[in-house]
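Below is a short note for a colleague who wants to check a model before using it.

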Amino acid sequence: MSQLGVGKEVLSYCNKCKLTLAHLVMTMKSDTIIGKVQCKTCQNTHAYKDPSNVKASKTKKGKTTKKSTSADSISDIWMNRVASSSSKSQKYSIKAKFELGDIIDHPKFGPGVIDKLIDADKIQVIFRHDIKTLIHNK
Ligand SMILES: [Zn+2]
């Protein structure tokens with residue numbers, strides 16, 4: 001590599017251009033460590049950023065936040081289910097028979113969605129704040 005020094009051209013990552021571009025060295029921290037650089041494209045002066053270091057930190061982007069699983073609260077699930085269901089809400093009664101995806105209207109818990117058919121007479125229902133097991137088909 002050619003000698004470094006003020007006024008020399010180096011490749012640095014530019015935060016403004018979001019690219020690795022030619023920069024002019026403005027200041028040096030030592031004989032081999034670059035201090036500040038000026039982007040030849042946007043004229044922005046900033047601390048020198050080694051392009052190889054930037055690449056390494058960029059790989060973080062691949063790992064997207066795992067929001068969908070644990071962060072989903074019951075009310076989010078409930079809202080999605082109610083919104084995506086095409087069933088009309090029915091009054092809950094232990095005598096009635098419900099199917100998966102049915103919307104029920106519970107006198108105490110409010111509207112809920114049938115999430116699972118546990119047994120011939122048991123259903124798992126997602127309510128806004130809770131998941132309950134209810135009896136039906138009696
Ligand atoms: Zn720039």
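**Notes on the predicted model**

1. Of the 138 residues in the protein chain, 14% are buried. A residue is called buried if 20 or more other C-beta atoms lie within 10 Å of its own, exposed if 12 or fewer do, and partly exposed in between, with C-beta atoms placed from the backbone. The model is predicted: local features need pLDDT of at least 70, side-chain atom pairs count only at pLDDT 80 or more, and totals for chains, interfaces and linings use all residues. Residue numbers start from 1 along each chain as its sequence is written.

2. The protein chain holds two helices and nine strands. Helices (H or I, at least four residues) and strands (E, at least two) are DSSP runs, numbered from the N terminus. Read from the N terminus, the order of elements is β-β-β-β-α-α-β-β-β-β-β. Taking contacts between residues at least 6 apart in sequence, 29% join residues at least 24 apart; a contact means that the C-beta atoms, placed from the backbone, lie within 7 Å.

3. Strands count as paired if DSSP finds at least two bridges between them. In general, strands of a sheet pair through backbone hydrogen bonds, either parallel or antiparallel.

4. Within that sheet, E1 and E2 run antiparallel and are joined by six bridges. Leu-11 is opposite Ala-22 in E2. Three bridges link E2 to strand E3 (residues 36-39), again in the antiparallel sense, and Val-25 has Val-37 of E3 as its bridge partner.

5. A further open sheet has five strands in the order E5-E6-E7-E8-E9, with mixed pairing. Its edge strands are strand E5 (90-91) and E9, each pairing on one side only. Helix H2 (residues 74-84) packs on this sheet and touches strand E6 (103-106), E7, E8 and E9, with its direction at about 105° to that of E8.

6. Which pair of strands runs parallel over two bridges? E5 and E6 do, and Lys-91 has Asp-105 in E6 as its bridge partner. E6 and E7 pair in the antiparallel sense over four bridges, with Ile-103 bridged to Val-113 in E7. E6 and E7 also form a hairpin with three residues between them. E7 and E8 are antiparallel over six bridges, where Ile-114 is opposite Val-125 in E8.

7. The largest nonpolar core has nine residues: Trp-78, Tyr-92, Phe-98, Ile-104, Val-113, Ile-114, Ile-123, Val-125 and Ile-126. The elements that supply two or more of them are strand E7 (110-119) and strand E8 (122-127), and E8 gives the most, with three residues. A nonpolar core is a set of buried Ala, Val, Leu, Ile, Met, Phe, Trp, Tyr and Cys residues joined through C-beta atoms within 7 Å. Leaving out residues up to four places away in sequence, Trp-78 touches Val-113, Ile-126, Phe-127 and Arg-128.

8. Please look at the backbone at Lys-18. Its phi is near 55°, a positive value in a residue other than glycine. Lys-18 sits in the loop between strand E1 (9-14) and strand E2 (19-25), and the hairpin of these strands has four residues between them. Lys-18 counts as exposed because it has 9 C-beta neighbours inside 10 Å.

9. Asn-137 is a further case to inspect: its phi is positive, about 60°, although it is not a glycine. Asn-137 lies in the segment after strand E9 (131-135). Is Asn-137 buried or partly exposed? With 14 other C-beta atoms within 10 Å, Asn-137 is partly exposed.

Key. Two residues are in contact if their C-beta atoms, placed from the backbone, lie within 7 Å. Axes are lines fitted to C-alpha atoms, for helices over the stretch in contact, and angles run from 0 to 180 degrees between N-to-C directions.
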